[in-house]
Each structure stands twice: as structure tokens, then as C-alpha cells.
Amino acid sequence: WDHLGELGASSGLTTWWTTHLMDEAERADRLAVMSGGRVLATQTPDELRSTLGGHVVVVEPGEGLAVESVREAVTAELGPWDAGRGPVASDDGEVRFEHADGPAVVAKVAGMWPGRLRRVSVGRPTLEDAYLRLTAGATGAGDD
């Protein structure tokens, strides 16, 4: 990574690579997010993160609580959602969604399943959040 950075800085060399690893993507000057053979966005990492408004809430169901049922309940309780901004059930067993007032929503979601959630958290959007939003809006799923 250091060598690629030095080459780019000293010679203006452009390097292309593909990755699904967000820590690698963070190092890029510009990113092209693709899904289904189409480019969905070409921006800097900061620009991609800024396309998401407010906070990202992550809900990890506990034992015996299905991810899809959590996604449906959150949608019913907090929806309706703008296109591409509603809850997405990710491959790692979490439900992620955007909300303008994440801290208030965390308390509400935790109260929906007292003692049955492994984790509920709120934070600023990440590249993964931007990727999930872009690919879910393009394909109907966040796993391309």
C-alpha cells in the first residue's frame, strides 16, 4: 500500500484494483461502486459516506430471533422509508438502517425486544453502509 501510494504521488500513476474489503477501499482516492456490471457511483470515500443522512442503526438479533422478522418489525414500527433507505438484512446477521435521530431510535428498538437482542448500536455512516444502500437500491438486495 505504501509503495502504491508513493508511485501515485511521485509519478501520477493511476492504479485500479477491485475489492469487497472496505478497509482496502478506504485507502482509495476515488471509488467506483459496481453491481450487476453497472457503475452505480464514482466518488471519494468521504463523498460516498456523506450520501447517507443522519445515523446508521445496527440491530443484531439474539438467539431465537430471526433477522428477517426484526427487519419486518422495524419497518412496520419506524417506516415508511424512502427508496433504498429502509432496513437491510445483511449476510452477517444484522439489520442496518438509516435514521435522522439514531440515538432515539436505539432506545425504541431495544424496547421492542427487551433482553432478546445481542446488540443495538448507532454511528456515523461507513463505506459498507454506503455500499449496501447503493447495491440494495440497484438490485433489491445488499449482497452483490
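**Buried or exposed, and how one knows**

Modeller: At 8% relative accessibility, E94 counts as buried, since that word is kept for residues under 20% relative accessible area, while exposed means over 50% and partly exposed lies in between (1.4 Å probe, protein chains only). This is a predicted model, in which local features need pLDDT of at least 70 and side-chain atom pairs count only at pLDDT 80 or more, while totals for chains, interfaces and linings use all residues. Residues are numbered from 1 along each chain as its sequence is written, and side-chain values use heavy atoms, with hydrogens and water left out.

Biologist: What makes R119 and E94 a salt bridge?

Modeller: A salt bridge asks for a side-chain nitrogen of Lys or Arg within 4 Å of a carboxyl oxygen of Asp or Glu, and the side chains of R119 and E94 meet at 2.3 Å, N to O. R119 lies in strand β6 and E94 in the loop between β4 (88-89) and β5 (95-99), so the pair ties together parts that are 25 residues apart in sequence. Strands (E, at least two residues) and helices (H or I, at least four) are DSSP runs, numbered from the N terminus.

Biologist: How do you know whether R118 and E60 are buried or exposed?

Modeller: R118 has a relative accessible area of 52%, and is therefore exposed, whereas E60, with 17%, is buried. The side chains of R118 and E60 meet in a salt bridge of 3.5 Å, N to O, and the pair links distant parts of the chain, with R118 in strand β6 (residues 117-123) and E60 in strand β3 (residues 55-61), 58 residues apart. Both residues belong to a network of salt bridges that also links E94, R96, R119 and D129.

Biologist: Why is α1 said to lie largely in the open?

Modeller: Of the 10 residues of α1, the number buried is zero, so this helix lies largely in the open.

Biologist: What makes W1, L4 and W17 a nonpolar surface patch?

Modeller: Patches are made of residues with over 30% relative accessible area and no salt bridge, with nonpolar side chains (Val, Leu, Ile, Met, Phe, Trp, Tyr) joined within 5 Å and like charges within 9 Å. W17, for one, has a relative accessible area of 35%, and the patch made by W1, L4 and W17 is about 280 Å².

Key: Accessible areas come from the Shrake-Rupley method with a 1.4 Å probe; for residues, only the protein chains shown count as cover.
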